[in-house]
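Please read these notes with the model open beside them. They go helix by helix and then turn to single residues.

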Amino acid sequence: MDIVEQILASRDIGRAELELLLTTGDKELVERLRSAARGVADGVYGKRIFMRGLIELTSHCKNDCLYCGLRRSNRTAVRYRLSEEQIYDCCETGYRLGFRTFVMQGGEDGWFTDERMCRIVATVRRRYPDCAITLSLGERSRESYQALYDAGANRYLLRHETADAAHYARLHPADMSWQHRMDCLQALKEIGYQVGCGFMVGSPFQTFDTLLADLQFIRRFGPQMVGIGPFIPAHDTPFAAEAKGSVQYTLRLLAIIRLLLPDVLLPATTALGTLHPQGRELGIQYGANVVMPNLSPRDHRKDYAIYDNKICTGEESAECRACTEQRMRRIGYETVVDRGDHASVTNKNE
């Protein structure tokens, strides 16, 4: 039994295996990893790639994370926030284009109070009862998460960033707590959300040990979604001069995550497409099964600059959807815009 078969059989990985798979120049081994991951994904989801409609609500953020272009200390960042009507317009556009999942993402912006955000979620739920609502709004109180869930949200994406507390402290300011991030993820899971976590590949100070900790955390936590993408520096941040993350590491880690969690919903991220012209297609071929075309108003897409040179900032929503669909078709996959829920989940909002 070779290393890939061992991981597939045990749903586990050790440090030596991880380092070997990430650093090997053995093309046959890499192809076995890729093929096994894609085979697992095809066995669960077939040739179906789920499309989610992404709406970037706000570029305001109270946090000062060292890697993020939206950090509060970045005086050159362009700040905007969508009005409620703009958000509803994005959803209407997306619904007409066939999307049945909306992903509302933004910095931790105090303007989006529980009252306002619950009203938005409840309105979208009422207007589009057949759609899933995913939120990615960072750390909030358990009471806030509960209220949003009760208003009609189904899923919540909160990258854990790193499962190593010391590493977390080197990526974030002192007023942010690794334990609080973990507590938030646990609260989301207990409330009943379909939960997503994840990390940046190649973030400053990342090691094989921290990557192993990430994979072991993901394996134990058992999220329905995992979002990983290569680290890309943002100008006017403390990490502006740091090296970009590796596309190859990202692809191999996608494959490993698919072997560890066969049913997981795994995006091929915009960051991957930013670093490689066929990054998202490669992500699919390494086991990913989700893509997220942008439904945000075109005038604001370039302003949601969490890293530099982000792709797909100039297209209309329909163009973005059509382009994504065409890209997936070229590699033999069918894009579907249904809700694409994780098979194991029963949720009172479904």
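1. Basis. This is a predicted model, in which local features need pLDDT of at least 70 and side-chain atom pairs count only at pLDDT 80 or more, while totals for chains, interfaces and linings use all residues. Residues are numbered from 1 along each chain as its sequence is written, and side-chain values use heavy atoms, with hydrogens and water left out. Helices (H or I, at least four residues) and strands (E, at least two) are DSSP runs, numbered from the N terminus.

2. H2 against H9. Helix H2 (residues 15–23) packs on helix H9 (residues 208–221) at about 110 degrees, and their axes are 10 Å apart. Axes here are lines fitted to C-alpha atoms, for helices over the stretch in contact, and angles run from 0 to 180 degrees between N-to-C directions. H2 is therefore roughly perpendicular to H9 (65 to 115 degrees; under 35 counts as roughly parallel, over 145 as roughly antiparallel and the rest as oblique). H2 contributes Arg15, Leu18, Glu19, Leu22 and Thr23 to the contact, and H9 contributes Phe208, Asp209, Leu211, Leu212 and Leu215; contact means heavy atoms within 4.5 Å. By type, the residues of this contact are six nonpolar, one polar and three charged. In this scheme Ala, Val, Leu, Ile, Met, Phe, Trp, Tyr, Cys and Pro count as nonpolar, Asp, Glu, Lys and Arg as charged, and the others, Gly among them, as polar.

3. The buried side of H2. Leu18, Leu21 and Leu22 of H2 are buried. They cover an arc of only 95 degrees around the axis, so they sit on the same side of H2; the arc is that of the directions from the helix axis to the C-beta atoms. Buried means under 20% relative accessible area, exposed over 50%, and partly exposed in between (1.4 Å probe, protein chains only). The cover over these residues includes H1, helix H3 (27–45), H9 and H10.

4. H10. Which residues of H10 are buried? They are Val247, Thr250, Leu251, Arg252, Leu253, Leu254, Ala255, Ile256, Ile257, Arg258, Leu259 and Leu260. With twelve of its 14 residues buried, H10 is largely enclosed by the rest of the structure. The end C-alpha atoms of helix H10 (residues 247–260) are 20 Å apart, which agrees with the 20 Å that 14 residues should span at 1.5 Å a residue. The expected span is 1.5 Å times one less than the number of residues.

5. H14. Helix H14 (residues 317–330) has 14 residues that should span 20 Å at 1.5 Å a residue, and its end C-alpha atoms, 20 Å apart, agree. Ser317, Cys320, Arg321, Thr324, Arg327 and Met328 are buried in H14. Their arc around the axis is only 130 degrees, which puts them on the same side of H14. The other side of H14 has Arg329 and Arg330 exposed. Packed against the buried residues of H14 are strand E1 (48–51), helix H4 (84–96), helix H12 (279–285), strand E8 (290–291), helix H13 (298–301) and strand E9 (334–336).

6. Positive phi. Just after H14, Gly332 has a positive phi of about 90 degrees. Two residues other than glycine deserve a check as well. Phe205, in the loop between E6 and H9, has a positive phi near 75 degrees and is partly exposed at 37% relative accessibility. Cys312, in the loop between H13 and H14, has a positive phi near 65 degrees.

7. Gly196. This residue lies in strand E6 (residues 194–201) and is buried, with a relative accessible area of 2%. Leaving out residues up to four places away in sequence, Gly196 touches Tyr156, Leu157, Leu158, Arg159, Leu185 and Met225. Its C-alpha atom is 6.0 Å from that of Gln224, 28 residues apart along the chain.

8. Other pairs across the chain. Ser10, in helix H1 (residues 3–10), is partly exposed at 43% relative accessible area. Ser10 and Leu259 are 249 residues apart in sequence, with their C-alpha atoms 9.3 Å apart in space. Arg75, in the loop between strand E2 (53–58) and H4, is exposed at 73%. Arg75 and Ala166 are 91 residues apart in sequence and 28 Å apart, C-alpha to C-alpha.
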